[in-house]
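This report goes through the secondary structure elements and how they are placed against each other. The sequence and structure come below.

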Amino acid sequence: MVSDRPASAQQQAYLHLRKQILEGQLPAGSLLKPEQVAQQIGVSRMPVREAIRQLDAEGLVVFRPNRRAVVQSLSWKEVHEIFEIRAVLEGLAARHAAINASVDDIADLHHFWDRMERAKTKPEKWIAHHDEFHQFVVRLAARPRLAAQINLLRDTCRPYFRLHISVYGRPEAPGFSEKLIIDALEEKDPAVAEQVMQEHVMAHSQWLEDYLRREASVESRDASAELNREAVG
């Protein structure tokens with residue numbers, strides 16, 4: 001049952017910051033200033049600080065040694081590890097989904113996939129439909145604790161996924177579309193569904209890792225050039 005009570009100040013701050021992080025409005029490394037956020041949404045600083053601690057627990061924010069909070073910035077190695085865990089968990093969800101999926105469920109998945117195909121040139125819409133598709137597969141697994149862990153990991157990666165799409169304009173890893181997942185679920189073979197989902201997740205991992213490696217290489221070259229200029233100067 002949905003509560004009619006208004007959200008608490010902490011919940012308002014949490015939802016506000018979480019939305020900005022996941023949508024890329026607060027990119028990795030952004031400093032979070034409680035007084036500034038409090039002023040933006042009209043609450044005191046204390047609930048904002050509590051909201052930031054909640055986001056830290058979810059892995060979206062990290063506290064620096066000076067206790068200043070910044071939006072989490074992941075290296076390509078950290079992203080790879082997260083995707084490895086995701087592949088195992090989402091593969092398990094697909095295994096259970098293959099057992100539970102009805103004919104109507106498969107039809108719904110086709111509907112989500114069709115919407116993704118039509119939105120390929122509209123990144124924001126594509127991401128929304130992509131999330132709908134994968135959330136539906138996870139729901140079919142009927143494993144609430146598994147779903148909670150998958151959602152946390154997907155949220156951690158989402159800002160990087162958005163960033164990659166905004167730069168390259170390509171939402172899907174070639175050869176690993178969601179249509180393959182639908183086919184596997186329709187066969188009702190749990191082992192096949194698990195394998196296809198794991199391959200799907202890791203294909204997107206490689207795609208994103210390649211991007212982060214290139215970005216890290218550029219940043220390293222820029223930093224070296226700056227040090228050289230300072231040494232000459």
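## Helix α2 and the residue after it

G42, which sits just after α2, adopts a positive phi of about 75°. The model is a predicted one.

Helix α2 spans residues 34-41, and its buried residues are P34, V37 and A38. Viewed down the axis of α2, the buried residues lie within an arc of 100°, so they line one face of the helix. In an α-helix there are 3.6 residues a turn, so residues three or four places apart point the same way. The exposed residues Q39 and Q40 are carried on the face of α2 that is turned away from the buried side.

The packing partners of the buried α2 residues are α1 (9-22), β1 and α3.

## The sheet

Three strands form an open sheet in the order β1-β3-β2, and their pairing is antiparallel. The edges are taken by β1 (31-32) and β2 (61-63), each of which has a single partner strand, so one side of each is left without a neighbour in the sheet.

Strand β3 covers residues 69-71 and pairs with β2 in the antiparallel sense over three bridges. Within this pair, V62 stands opposite V70 of β3. Strands of a sheet pair through backbone hydrogen bonds.

## Helix α3 across the sheet

Helix α3 (residues 45-57) lies across β1, β2 and β3. Relative to β2, α3 runs at about 105°.

Conventions. Residues numbered from 1 in each chain as written. Predicted model: local features only at pLDDT ≥ 70, side-chain atom pairs only at ≥ 80, totals over all residues. Heavy atoms only, no water. Pairing = 2+ DSSP bridges. Helix = DSSP H or I, 4+ residues; strand = E, 2+ residues; numbered from the N terminus. Contact = heavy atoms within 4.5 Å. Axes fitted to C-alpha atoms, helices over the stretch in contact; angles between N-to-C directions. Buried < 20%, exposed > 50% of the residue type's maximum accessible area, 1.4 Å probe, protein only. Arc of directions from axis to C-beta.
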